[in-house]
Amino acid sequence: MRTALRAVATKIIQTQLDQHVSALLRCRRCSRMKSTPVSGGPIVSDVMIVGQASGPREPVLQRPFAHTAGKTLFRWFEEYCGMNEVTVRSRIYFAAVCRCFPGKNSSGTDRVPAPDEIHNCSSWMDNEIRILQPRLIIPVGRLAIMQLIDCPKLDKVIGRNFRVERAGHRFDLIPLPHPSGASPWHKISPGCELTKRALKLIARHPAIAALSKRERRYSGLA
Ligand code: SF4
């Protein structure tokens, strides 16, 4: 009986998330954005990863973390959580501060989204939290972390687990630094040690442990 109820609840959540992602992909609220929205798809999950904004490659490849930063992020998950890229993409919901590519600034680096664009996009994240009610959210990079907790410096928040409320739901939050090659923070002490500590916290979190256990079972290792 309990299994049947859970199956019905999951079906309802999947329908809501399908509709949400379909509406998100049609969003054109920000006229200065240089691409249409990018989504990782309607993955029903207890875990959400929140990125910053799409880069130039993501809209072409139609998936978040499609380029160099993604390579490092997925290597971290493989090393610490035993989940490869395919598993992470198929088991974890990907959100972001802004889903579109903001374009380049005059120095040739990716433009940081403006406050009005961040505000425009925040309702999508709120809705995702309401639908999924995640147990764990992993914001990646300072811009993403700042949308959920105070982040005066990365040293103060990386390597820690926070209890946070947003959109009427309480969840654990374990921040990660941005894995982009442009920022050396995670490679230099104390960033290196704090990043390892954060990844160990993520690997031990019950919501991630449940996902990686599923992965080991499917690959015949458990
Ligand atoms: S950044 Fe967000 S709010 Fe703005 S157009 Fe893209 S999806 Fe819509």
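Modeller: What follows is a description of the sheet, then of the helix packed on it and that helix's other surroundings. This is a predicted model, so please keep in mind that local features need pLDDT of at least 70 and side-chain atom pairs count only at pLDDT 80 or more, while totals for chains, interfaces and linings use all residues. Residues are numbered from 1 along each chain as its sequence is written.

The sheet is open and is formed by five strands in the order β2-β1-β3-β5-β4, with mixed pairing. Helices (H or I, at least four residues) and strands (E, at least two) are DSSP runs, numbered from the N terminus, and two strands pair if DSSP finds at least two bridges between them. In general, strands of a sheet pair through backbone hydrogen bonds, either parallel or antiparallel. The edges are taken by β2 (93–98) and β4 (162–166), and each of these has a single partner strand, so one side of each is left without a neighbour in the sheet. On average, neighbouring strands of this sheet are turned by 35° against each other, direction ignored; for such angles, axes are lines fitted to C-alpha atoms, for helices over the stretch in contact, and angles run from 0 to 180 degrees between N-to-C directions.

Let us go through some of the pairs. Strand β1 (residues 47–53) and strand β3 (residues 136–139) run parallel and are joined by four bridges, and Val 50 stands opposite Pro 139 in β3. Strands β3 and β5 also run parallel, joined by two bridges, and here Leu 136 has Asp 172 in β5 as its bridge partner. Strands β4 and β5, by contrast, run antiparallel and are joined by five bridges, with Glu 165 standing opposite Arg 170 in β5. The hairpin of β4 and β5 has two residues between the strands, and in this hairpin Ala 167 takes a positive phi near 55°. Most residues other than glycine have a negative phi, and most peptide bonds are trans.

By class, the contact of α1 with α5 has six nonpolar, three polar and one charged residues, where Ala, Val, Leu, Ile, Met, Phe, Trp, Tyr, Cys and Pro count as nonpolar, Asp, Glu, Lys and Arg as charged, and the others, Gly among them, as polar.

Finally, helix α5 (residues 115–132) provides three residues of the shell around the ligand, the largest share, and a residue is near a molecule or strand if its C-beta atom, placed from the backbone, lies within 6 Å of it. The residues around the ligand include Glu 117, Asn 120 and Cys 121.
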